[in-house]
Amino acid sequence: MSTQPKLTKRQYLTLGSLLFGMFFGAGNLIFPIHMGQLAGSAWLPAAIGFLLSAVLLPLLSIMAISLTRASSMYDLARPAGHGFALFFLLATHASLGLLIASPRTATVTYAIGISPFLGKGQQQIGLLIFSFIFFLTTFLLARNESKITTYIGKLLNPLFLILLAFIFFWALLIKGDIRTISFTGNANLISGNLVNGFLP
């Protein structure tokens with residue numbers, strides 16, 4: 001009977017960093033702040049709803065995939081039937097690829113980091129050039145699967161966390177006082193705070 005090799009604490013830390021870096025997106029940074037501003041004093045139920053959908057469900061999905069020991073998306077869905085497995089594979093790759101997620105990674109990054117520094121007449125060519133550089137860099141980093149853990153878990157995500165901590169430090173301790181932030185108290189969000197937090 002074969003036994004699975006145990007990971008060291010350092011490997012667990014790297015793996016956790018990899019998963020965080022892969023799942024954390026712009027919505028995870030922008031939406032909780034906006035949701036808290038809308039919820040006002042009802043922020044706790046809204047935050048619980050958001051944590052259930054944005055943290056617990058992805059974690060459970062990773063645990064489920066690890067328990068199946070499936071080697072691919074197709075193998076994961078194969079017990080439900082060949083037709084469903086093929087549909088599941090195509091739908092997943094389409095939604096996470098060319099149709100929704102992939103273009104958004106470039107456009108959101110461009111809108112936040114590049115667009116404000118360009119004039120109106122330069123936006124289209126700027127987006128084209130930036131998208132080419134962005135996806136070329138992504139391809140070069142992802143083409144070697146054995147290096148993805150190192151690139152994301154050990155390099156990119158720690159750098160991202162340092163930059164994120166600096167942004168929060170600068171915003172809260174240097175540039176402003178958190179007590180001056182206005183809370184709009186959206187009635188719809190307050191009345192269904194848990195559900196609205198769960199469905200961003």
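Entry 1, T105. T105 lies in helix 6. Helices are DSSP runs of H or I with at least four residues, strands are runs of E with at least two, and both are numbered from the N terminus. Leaving out residues up to four places away in sequence, I find T105 touching F134 and F135; contact means heavy atoms within 4.5 Å. I also noted S131, which is 26 residues from T105 in sequence and 9.4 Å from T105 in space, C-alpha to C-alpha.

I am working with a predicted model, in which local features need pLDDT of at least 70 and side-chain atom pairs count only at pLDDT 80 or more, while totals for chains, interfaces and linings use all residues. Residues are numbered from 1 along each chain as its sequence is written, and side-chain values use heavy atoms, with hydrogens and water left out.

I count 10 helices and zero strands, and the pattern along the sequence reads α-α-α-α-α-α-α-α-α-α. Of the 200 residues, 15% are buried. Taking contacts between residues at least 6 apart in sequence, 60% join residues at least 24 apart.

At what angle do the axes of helix 6 and helix 7 cross? I get roughly 120° for helix 6 (residues 101–113) and helix 7 (residues 123–142), with the axes coming within 10 Å. Helix 6 is therefore oblique to helix 7. Axes are lines fitted to C-alpha atoms, for helices over the stretch in contact, and angles run from 0 to 180 degrees between N-to-C directions. Angles under 35 degrees count as roughly parallel, over 145 as roughly antiparallel, 65 to 115 as roughly perpendicular, and the rest as oblique. The crossing of the two helices is right-handed, that is, the near helix is turned clockwise from the far one by less than a right angle.

Helix 6 brings S102, P103, T105, A106, T107, T109 and Y110 to the contact, and helix 7 brings Q123, G126, L127, F130, S131, F134 and F135. I sorted these residues into seven nonpolar, seven polar and no charged. Nonpolar covers Ala, Val, Leu, Ile, Met, Phe, Trp, Tyr, Cys and Pro; charged covers Asp, Glu, Lys and Arg; the others, Gly among them, are polar.

F135 has its place in helix 7 and counts as partly exposed at 34% relative accessibility. Its contacts, apart from neighbours within four places in sequence, are S102, P103, T105 and A106. F135 and A106 are 29 residues apart in sequence and 7.7 Å apart in space, C-alpha to C-alpha.

Entry 6, rings. How many aromatic pairs are there? I find four. Rings of Phe, Tyr and Trp (its six-membered ring) pair if their centres lie within 6.5 Å; planes under 30 degrees apart count as stacked, over 60 as edge-to-face, and the rest as tilted. F134 and F135 form an edge-to-face pair, 5.2 Å centre to centre with 90° between the planes. F134 is partly exposed at 22% relative accessibility. Ring pairs link Y110, F130, F134 and F135 into a cluster.

Note on methods
Buried < 20%, exposed > 50% of the residue type's maximum accessible area, 1.4 Å probe, protein only.
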